[in-house]
Amino acid sequence: MGPMTGELVEIVGEDFSDVRLSREKWSRRHYTACSFRDADLSELTTEYAVFTECDFTGADLTDSHHHGSAFRSCMFARTTMWHSSFRGCSMLGSVFVDCQLRPLVVEEVDFTLVSMGGADLRGLDLTDCRFREANLVQADLRGAVLRSVNLSGARVEGMRLEGADLRGAHVDPGLWTAAKLDKTQVELTQAVGYAAAHGLVVEPW
């Protein structure tokens, strides 16, 4: 499978389990209900590719790079993504379980409706990403950069945000009581929201 350009290529229901596909370059391909279980996808490059309801359980995506691609309602369980990058991509509705996600580069990625409960996202720069309605229960974002991130409607019970940068982030009031915050960087308006969530009344002097 070499580089593909031009018209969209549709691939449905194929089984790529345990296949070595490293260093491939995929452009304008649409994979639907395909299995990449335990496949070697290291150093894979995708551009404007779409994966819908695909299974990446146990797959190796080390040092892979993705631009403008979409991973919709996909399963990532025990998937390795070390040193990978996702730029302008969508992860809409995908599930992440026990994945190796660090170090990872993400730029303007849409994580709307993803399930990342308990995920290790420490220190990642998630600036301008969207996590609307996402499941981030018990996720570890200590030291992460969440500037201008959209967390509207996200489930954040027990989420760890110690040392994280939340400036400019869009959050629901419940985050201030549900998440673990210590030395978290916030803006003045967010500080007022935090105070209000803890029963304080902030009045001008």
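## Terms and model

Helices (H or I, at least four residues) and strands (E, at least two) are DSSP runs, numbered from the N terminus. This is a predicted model, in which local features need pLDDT of at least 70 and side-chain atom pairs count only at pLDDT 80 or more, while totals for chains, interfaces and linings use all residues. Residues are numbered from 1 along each chain as its sequence is written, and side-chain values use heavy atoms, with hydrogens and water left out.

Most residues other than glycine have a negative phi, and most peptide bonds are trans. Arg 102 and Pro 103 are joined by a cis peptide bond, with omega about -5°. Pro 103 sits in the loop between β10 (95-97) and β11.

Ala 33, which is not a glycine, has a positive phi of about 55°. Ala 33 belongs to the loop between β3 (29-32) and β4 (45-47) and is partly exposed, with a relative accessible area of 41%. Here buried means under 20% relative accessible area, exposed over 50%, and partly exposed in between (1.4 Å probe, protein chains only).

## The loop between α1 and α2

Lys 183 also has a positive phi, near 60°. Lys 183 lies in the loop between α1 and α2 and counts as exposed at 71% relative accessibility.

Thr 184 is in the loop between α1 and α2 (188-197), but Thr 184 is buried, with a relative accessible area of 17%. Its side chain reaches the backbone oxygen of Leu 161 at 2.7 Å. Leaving aside residues up to four places away in sequence, Thr 184 touches Leu 161, Glu 162, Gly 163, Ala 164 and Leu 166; contact means heavy atoms within 4.5 Å.

## The largest nonpolar core

A nonpolar core is a set of buried Ala, Val, Leu, Ile, Met, Phe, Trp, Tyr and Cys residues joined through side-chain atoms within 4.5 Å. The largest one has 56 residues, of which Phe 36, Leu 41, Phe 51, Phe 56, Met 116 and Phe 131 touch the most other members. At least two residues of this core come from each of β11 (104-107) and α1 (175-178).

Not counting residues up to four places away in sequence, the residues that Leu 41 touches include Leu 21, Trp 26, Phe 36, Phe 56 and Leu 61. Ser 22, Ala 59, Asp 60 and Ser 64 are also among them.

Definitions and conventions:
Polar contact = N/O pair within 3.5 Å; in protein donor to acceptor, adjacent residues only side chain to side chain.
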